[in-house]
Structures are given as C-alpha cells and as structure tokens.
Amino acid sequence: MSLLTSLRAQAGALATLEPDVRDDRHDAVHKMRVAARTLRANLRTFQDVLPGEKKRLALVEELGWLGDALGPAREAEVLAERVLDLLERTPPEYVQGPVRERVEAVFALERESALGLVTEALDSPRYRRLLRNLEAYFASAKPGKDPDLSHLHRRVRKRMRAALPMPHGAERDTAMHDARKAARRARYAADAMGLPGAKPIKALQDVLGEEHDRVVAASALTDLAAGAHQAGENAFTYGVLIGLVRCDSRDFDKRVRKAWKAAKPSLK
C-alpha cells in the first residue's frame with residue numbers, strides 16, 4: 001500500500017464509521033478516534049513530502065478538534081470496562097457497599113454526556129467541512145519525495161532512554177506516557193508506509209499504553225472512593241481495587257524492557 005493510498009483510507013474511514021458512531025455500536029467511537037488521530041499524526045509526520053502546507057495544517061487542526069470530541073466517550077468506556085473487570089476479580093467478601101452500582105452509574109453518566117458531545121460534533125458544519133476538505137486535499141495531493149522517519153525514531157529512543165532509569169512515581173508515569181506517544185506516532189508512520197518494523201513498535205506502544213491505562217484507572221478509583229465517602233458509603237473496596245491495579249503493574253518494568261529491546265532494531 002502506498003503512502004497516499006493509506007492516507008486516503010484513513011480519511012475515508014471517518015465517513016464510513018459515522019453511522020456506527022451515531023448508533024453507538026461497539027468500538028465505533030474508538031475506531032473513528034483512531035482514524036482521526038492516525039491521519040492527524042501522519043499529516044504532521046509527512047509534512048516534508050506532502051504539498052499545500054496551509055491546507056495540510058488546517059486539516060491537522062480540525063482532526064485534532066474531532067479527536068478531542070471523541071476522546072471523553074472512549075475514555076469513559078475504557079475506564080468502566082477496566083474498573084468492572086477489577087471488581088469481577090475481587091473476592092465477594094471484599095466488596096462492601098453499592099460499589100458496582102456506583103461505578104456503573106458514574107461512568108454511564110459520563111459516557112452519556114460525552115456521547116452528546118460526539119453527536120454535536122458530527123452534526124456540526126465543521127465536521128462536514130472537514131470531510132469535504134479531506135476529500136479535496138487527497139484528490140490532488142502527491143508526495144514529493146521519499147519520507148524520512150529517522151526523526152521519529154530518534155524521539156522514541158530519546159524518550160525511552162530518559163524514562164527507563166527514572167524512579168517510580170508520577171514523573172516517571174508522565175515520561176513513559178510521552179514515550180508511548182512517540183512510539184505511537186512512529187508506528188502510525190511505519191504502518192502508512194507498509195514497513196516491516198511496525199509490529200515490534202506497536203508491541204512497545206501496547207505495553208506502555210496498558211500501564212498508562214492502569215495509572216488513569218488508579219486516579220479514577222481515587223475519585224470514586226472520594227464520592228462514595230461523601231455519600232456516606234464504605235470506601236474500603238476502592239482501596240482494594242487500587243491495590244489490584246498496583247499488583248498488575250508489578251511486572252511492567254520487565255515487560256517494557258523486553259518490548260523496548262525487541263523494538264530497538266526497528267528504530268535505528
């Protein structure tokens with residue numbers, strides 16, 4: 001698949017997925033968000049080979065707006081699934097109070113509100129204009145030369161080397177998240193060009209992403225515990241769930257170092 005074919009496919013996915021997103025089909029919001037983020041990242045990555053800088057940058061900005069509109073709905077969905085999975089793994093004697101009811105109610109409310117933002121975005125003239133502008137841009141765009149991904153690879157190496165030796169804590173979590181974003185952008189570019197190194201980069205991205213999800217889940221559980229306490233409920237179970245999250249992170253260093261070792265040859 002050529003670079004231009006890949007970019008056009010990502011742009012086409014936005015319109016193709018729209019009916020499923022409106023119907024709130026399983027994973028539809030996630031797929032549209034990934035398409036928007038992938039396209040945005042690649043329009044930035046391949047700035048040296050794609051024509052029409054002003055039009056390209058305008059598309060980058062509008063795709064960022066769409067991704068932001070889709071983000072909260074996806075995040076609420078992921079958090080609900082993760083917390084409910086933790087609850088399923090918790091022995092019944094450690095579940096004290098209406099924990100499931102609170103979790104389901106809080107995330108259902110958050111997702112309902114977030115889906116309203118998604119619908120508002122899809123109904124807007126701004127979204128229609130974005131689709132038209134993407135179609136017009138890719139109808140005439142022709143890459144001017146072969147892309148160079150070395151700067152992306154350097155960024156991943158730099159961020160991983162900075163994050164790995166850091167002591168555990170919030171600063172390291174942030175550094176690992178930055179490394180994840182760099183790996184994701186490098187993987188998107190490799191996928192777009194059909195390069196064989198995309199698979200190990202994705203594996204690294206996945207390991208980093210799973211840990212980031214655990215960090216976000218621990219923060220959400222802290223907020224849920226505070227809400228339960230304010231409502232006069234027993235907050236004990238939320239502490240148990242946070243403990244499970246921390247247990248799941250025990251082997252993160254081992255897994256991320258293994259994934260990093262496997263990805264390095266693709267990031268020369």
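Read along the sequence, the protein follows the pattern α-α-α-α-α-α-α-α-α-α, and its secondary structure comes to ten helices and zero strands, where helices (H or I, at least four residues) and strands (E, at least two) are DSSP runs numbered from the N terminus. This is a predicted model, in which local features need pLDDT of at least 70 and side-chain atom pairs count only at pLDDT 80 or more, while totals for chains, interfaces and linings use all residues. Residues are numbered from 1 along each chain as its sequence is written, and side-chain values use heavy atoms, with hydrogens and water left out.

**Overall dimensions, burial and charge**

- The C-alpha trace of the protein spans about 65 × 45 × 25 Å along its principal axes.
- Of the 268 residues, 44% count as buried, a term that means under 20% relative accessible area, with exposed meaning over 50% and partly exposed lying in between (1.4 Å probe, protein chains only).
- The accessible surface comes to about 14,200 Å², of which 52% belongs to carbon and sulfur atoms; such areas come from the Shrake-Rupley method with a 1.4 Å probe, and for residues only the protein chains shown count as cover.
- Among contacts with a separation of 6 or more, 79% are accounted for by residues 24 or more positions apart, a contact being heavy atoms within 4.5 Å.
- The mean positions of the 47 positive and 38 negative charges are 9 Å apart, with Lys and Arg counted as positive, Asp and Glu as negative, and His and the chain ends not counted; the place of a charge is taken as NZ of Lys, CZ of Arg, CG of Asp or CD of Glu.

**Helix α5**

- Helix α5 (residues 125–140) has 16 residues and reaches 23 Å from its first C-alpha to its last, close to the 22 Å expected at 1.5 Å a residue, the expected span being 1.5 Å times one less than the number of residues.
- Y127, L130, L131, L134, Y137 and F138 are buried in α5, and they cover an arc of only 135 degrees around the axis, which puts them on the same side of the helix; the arc is that of the directions from the helix axis to the C-beta atoms.
- The face of α5 turned away from its buried side carries the exposed residues P125, R132, E135, A139 and S140, whereas the cover over the buried residues includes α1 (3–22), α2 (28–45), α3 (53–88) and α4 (99–122).

- Helix α6 (residues 150–163) has 14 residues and reaches 20 Å, close to the 20 Å expected at 1.5 Å a residue.
- The buried residues of α6 are L152, H153, V156, R157, M160 and A163, and these fall within an arc of 140 degrees seen down the axis, so they line one face of the helix.
- Exposed K158 and R161 lie on the face of α6 turned away from its buried side, while what covers the buried residues includes α2, α7, α8 (198–230) and α10 (252–263).
- Helix α7 (residues 170–193) has 24 residues and reaches 35 Å, close to the 34 Å expected at 1.5 Å a residue, and just after α7, G194 takes a positive phi of about 70 degrees.

- Q10 is placed in helix α1 and counts as buried because its relative accessibility is 12%; leaving aside residues up to four places away in sequence, Q10 touches A35, T38, L39 and N42.
- Most residues other than glycine have a negative phi.
- D24, in the loop between α1 and α2, has a positive phi of about 55 degrees although it is not a glycine, and D24 counts as partly exposed at 34% relative accessibility.
- D27 is found in the loop between α1 and α2, with a positive phi near 70 degrees and a relative accessible area of 21%, which makes D27 partly exposed.
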